[in-house]
Amino acid sequence: MKRIIHLFAAVAMTVAVSACSNAASNKNSASNEKTESNTTGAKGKVSHAMLTVNGSCGMCKTRIEKAAKDIEGVSTAEWSLEKQQLHLHFDAGKTSLKSVSEAVAKAGHDTESDKAADDVYNALPGCCKYRKI
């Protein structure tokens with residue numbers, strides 16, 4: 001009877017260690033600053049990406065998401081104020097992460113690869129100023 005209990009305990013520990021290892025692996029791959037994945041669907045190649053975008057308020061959120069969604073091929077754009085990250089899904093056959101980054105910068109928000117022009121940034125409302133002096 002003791003052997004059965006020990007065997008059961010060993011199997012349970014193996015399963016628990018394996019589950020923890022998989023969870024840690026998934027967390028590490030999900031935490032990349034810029035995540036890129038592709039799947040092929042009926043409409044073509046759908047890409048997922050995360051883009052760092054600077055902003056400071058709800059008006060920024062609206063402006064950033066609109067700039068991204070106005071790009072043909074972008075199906076979703078969700079910006080997080082807390083994380084300063086723009087979560088995107090787009091058709092890679094119609095646009096690219098670079099195109100979205102440039103559009104967001106033209107709207108007045110610095111991204112990890114493109115800086116907004118000073119005159120556009122300076123025209124933003126006071127609550128939207130995110131650059132440190």
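Is Tyr-121 buried or exposed, and what is its relative accessible area? In this predicted model, where local features need pLDDT of at least 70 and side-chain atom pairs count only at pLDDT 80 or more, totals for chains, interfaces and linings use all residues. Residues are numbered from 1 along each chain as its sequence is written, and side-chain values use heavy atoms, with hydrogens and water left out.

Tyr-121 is buried, its relative accessible area being 6%, where buried denotes under 20% relative accessible area, exposed over 50% and partly exposed the range in between (1.4 Å probe, protein chains only). Tyr-130 is likewise buried, at 12%. One aromatic pair is present in the structure, and because the ring centres of Tyr-121 and Tyr-130 lie 4.9 Å apart with their planes at 75 degrees, this pair is edge-to-face (centres within 6.5 Å; planes under 30 degrees apart count as stacked, over 60 as edge-to-face and the rest as tilted). The charged end of Arg-131 sits over the ring of Tyr-121 at 4.2 Å from its centre, and Lys-129 lies over the face of Tyr-121 at 5.2 Å from the ring centre (NZ of Lys or CZ of Arg within 6 Å of the ring centre and within 35 degrees of the ring normal).

Leaving aside neighbours within four places in sequence, Leu-86 is in contact (heavy atoms within 4.5 Å) with residues including Ala-49, Trp-79 and Val-104.

Key: Rings of Phe, Tyr and Trp (its six-membered ring) pair if their centres lie within 6.5 Å; planes under 30 degrees apart count as stacked, over 60 as edge-to-face and the rest as tilted.
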